[in-house]
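Colleague: I am new to this protein and would like a short tour. Please show me the model, then take my questions one by one.

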Amino acid sequence: MDFNPTSDNYREDDLLEKAEKEAATKIRLDALKKKSKIKKGISVDELEAIYRELFDICDSNNDAMLSQKEFLKFMQINYELHGITKDTAAETDHKIKKFYDIIDADHDGELSWTEIWESLKDHYKGYTTEKTDTA
Ligand SMILES: [Ca+2]
Ligand SMILES: [Ca+2]
């Protein structure tokens, strides 16, 4: 008998792991959408926490950078968090690319959390409140 059960099993585990990861991501995303609404007067800390979570969710390959494909997902969910129903698929690639290039401060073709947060902080100036309630 010539078969390789080890490699078959490995493959199965691999797929299972992928499915589990996708399910876990969906749960995190649903939780984020449910509890997080970005509205005027939000604290900087709160805003940062929301985007940090969103960044992690969109970083599918866990390399701490957002590729252009991952960034597209980030933008799509970002619209949803603002209560805007807008399909980024309808946005031109050109527009997304332009955003991407603006945020990519060191021009390495990928977006780090620092690059994204710096850009967002600037974008939300005057929208957020600095003071945070310390319990
Ligand atoms: Ca990534
Ligand atoms: Ca970069």
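Colleague: Which residues of helix 2 are buried?
Modeller: First, this is a predicted model: local features need pLDDT of at least 70, side-chain atom pairs count only at pLDDT 80 or more, and totals for chains, interfaces and linings use all residues. Residues are numbered from 1 along each chain as its sequence is written, while chains are lettered from A and ligands numbered from 1 in the order in which they are written. A residue is buried if 20 or more other C-beta atoms lie within 10 Å of its own, exposed if 12 or fewer, and partly exposed in between, with C-beta atoms placed from the backbone. In helix 2, the buried residues are Tyr-51, Leu-54, Phe-55 and Cys-58.

Colleague: How far apart are the end C-alpha atoms of helix 2?
Modeller: Helices (H or I, at least four residues) and strands (E, at least two) are DSSP runs, numbered from the N terminus. The expected span is 1.5 Å times one less than the number of residues. Helix 2 has 15 residues, 44-58, so it should span 21 Å; this agrees with the distance between its end C-alpha atoms, 21 Å.

Colleague: Which residues does Tyr-51 contact, leaving aside neighbours within four places in sequence?
Modeller: Two residues are in contact if their C-beta atoms, placed from the backbone, lie within 7 Å. With those neighbours left aside, Tyr-51 is in contact with Trp-117 and Leu-120.

Colleague: Is Thr-129 buried or partly exposed?
Modeller: Thr-129 lies in the segment after helix 5 (113-123). Thr-129 has 13 C-beta neighbours inside 10 Å, so it counts as partly exposed.

Colleague: How far apart in space are Thr-129 and Val-44, C-alpha to C-alpha?
Modeller: In sequence, Thr-129 and Val-44 are 85 residues apart. In space, C-alpha to C-alpha, Thr-129 and Val-44 are separated by 6.3 Å.
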